[in-house]
Amino acid sequence: MALKETLKQKIEEFRPRTTKLVKEFGKVIIDQVNIDQCIGGARDIRSLVTDISYLDPQEGIRFRGKTIPETFAALPKAPNSKYPTVESFWYFLLTGDVPTQAQVDEVVAEWKGRQVVPQYVFDAIRALPRDIHPMVMLSVGMLALQKDSKFYAFYGSGKFNKMTAWEYVYEDACDLVARIPVIAAFIYNLKYKGDKQTPIDPKLDMGANFAHMIGQSEEYKDVARMYFILHSDHESGNVSAHTTHLVHSALSDPYYAYSAGLNGLAGPLHGLANQEVLDWTMKFQEKYCKNVEPTKELITKALWDTLNSGQVIPGYGHAVLRKTDPRYMSQREFCLNTPGLKDDPLFKVVAMIFEVAPGVLTEQGKAKNPWPNVDAQSGVIQWYYGLREWDFYTVLFGVGRALGCMANITWDRGLGYAIERPKSVTTAMLEKWAAEGGRKF
Ligand code: CMX
């Protein structure tokens, strides 16, 4: 069965579960809110629902119930590759089913038809100053695609229907995930390769085509597939996923929603941390290792200098995770299993940071999680393959994150989630409830 038909069946079967929960059990209490959560970024408050992925603080992410190794093992592989295609992962994220090879081939073929980016999108990006951050370019590109939004057109058609609205979100979502790598490759070539553009190769899957468009090696095809899958989703409370969900909840179409999500991803405490890691490591080498080899002692000193100057150590810590991020471990394994990469000087420095940073953060005693997250390891792989323009790394994250965000809002519409609108209180109210030992209900 084609992906959209399978999804239609799944959404229709699922809807009664959500309806029943709201109608019959709507007042059942599942959490409480403390003052520190209210002021401290809503940490750990259970107030979002998604079945696309779940983040356990100890174990890390599961996509549709599967760990990262289980996901990689279960999905059909790209031709001559150990890794699945991004298209097969998309099928899996949307439906929860492992697709057959024929179903994957169908999605690959379908994305080819959706990949065509209108010229005005390229023109809008090209009109920006060349030295603007590439995340601005990507966000502008997403927003410019809005003109073609099928959901927006449906809403304005006078025939809007809550039960079928998801189908138009789905159409936009598929267009967006098929087009975003093409736009990212265009940005890369525009910004760093003198605007020498490479056309799409219609024979290649998404990851392989991205590698081809940015002039990368055969080996990089797997790097792209792995990277986009690993960065796709991290349940729905992180800034990029939550922003996309929030903006779409106002029935803003997927392009408006994801452009906003990307703007959140561009923050240094979120996706920009991957460029910050490279920046930190390069500055460390420049400052401390001009004439000597990096050592654990020098790294420890540099980490303390960073902390003492009031900055965070990029790539370490997490709002939910309390162990090393399995996305970090998956990329580290890739490095260790790739001859050349495992002996790469930059990988050795990153590996040394892994040995000492958790101890330094623990000794400092502030971070609840001293272990590395996804961003601590991703840049070194890109660097090794010659993609050395590290301000581009968050764009790569944005290409991958589109998969999770788009799968999530397709389901949001399928299940008819409401416009999101939490309630504010004043500081005086908090002070009053604090004095009274809690709010009286
Ligand atoms: N370096 C230094 N201090 C850190 C730290 C780090 N890596 N991680 C946390 N802390 C500090 C916090 O800044 C906070 O300090 P204050 O009390 O002075 O404000 C304290 O430790 C407690 O923070 P926390 O509860 O452990 O962490 P939060 O949930 O508030 O923040 C995160 C989570 C990721 C923003 C934070 O760990 C951080 O800034 N890490 C570095 C940036 C980074 O790698 N971000 C990428 C995360 C993954 C992603 O989204 O891509």
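**Cavities and ring pairs**

Me: How many cavities of 30 Å³ or more does the structure hold?
Reply: This is a predicted model, where local features need pLDDT of at least 70, side-chain atom pairs count only at pLDDT 80 or more, and totals for chains, interfaces and linings use all residues. Residues are numbered from 1 along each chain as its sequence is written, and side-chain values use heavy atoms, without hydrogens and water. The number of cavities (sets of points on a 1 Å grid over the protein atoms alone where a 1.4 Å probe fits but cannot get out) of 30 Å³ or more is three.

Me: How many charged residues line the largest cavity?
Reply: Six lining residues are nonpolar (Ala, Val, Leu, Ile, Met, Phe, Trp, Tyr, Cys, Pro) and two are polar (the others, Gly among them). The charged ones (Asp, Glu, Lys, Arg) number three.

Me: Which helix gives the largest share of the lining of the second largest cavity?
Reply: The second largest cavity has a volume of about 70 Å³. Its lining divides into nine nonpolar, one polar and no charged residues. Two helices give two or more residues each: H14 (273-288) and H17 (345-364). The largest share, three residues, comes from H14.

Me: How many residues apart in sequence are the parts that Phe122 and Phe186 tie together?
Reply: A search of the whole structure finds 23 aromatic pairs (Phe, Tyr or six-membered Trp rings with centres within 6.5 Å; planes under 30 degrees apart are stacked, over 60 edge-to-face, the rest tilted). Phe122 and Phe186 form a tilted pair, 4.4 Å centre to centre, with 40° between the planes. Phe122 lies in helix H6 and Phe186 in helix H9, so the separation in sequence is 64 residues.

Me: Are Phe122 and Phe186 buried or exposed?
Reply: Buried means under 20% relative accessible area, exposed over 50% and partly exposed in between, with a 1.4 Å probe and protein chains only. Both Phe122 and Phe186 are buried.

Me: At what relative accessibility does Tyr188 stand?
Reply: Tyr188 and Tyr192 form a tilted pair, with centres 5.2 Å apart and planes at 55°. They are four residues apart in helix H9, about one helical turn. Tyr188 counts as buried, because its relative accessibility is 3%.

Notes: On a 1 Å grid over the protein atoms alone, a cavity is a set of points where a 1.4 Å probe fits but cannot get out, and a pocket is an open set with protein on both sides within 12 Å along at least five of seven lines; lining residues have an atom within 4 Å of a point. Grid points are joined across faces, edges and corners, and a volume is the space filled by probe spheres set on the points.
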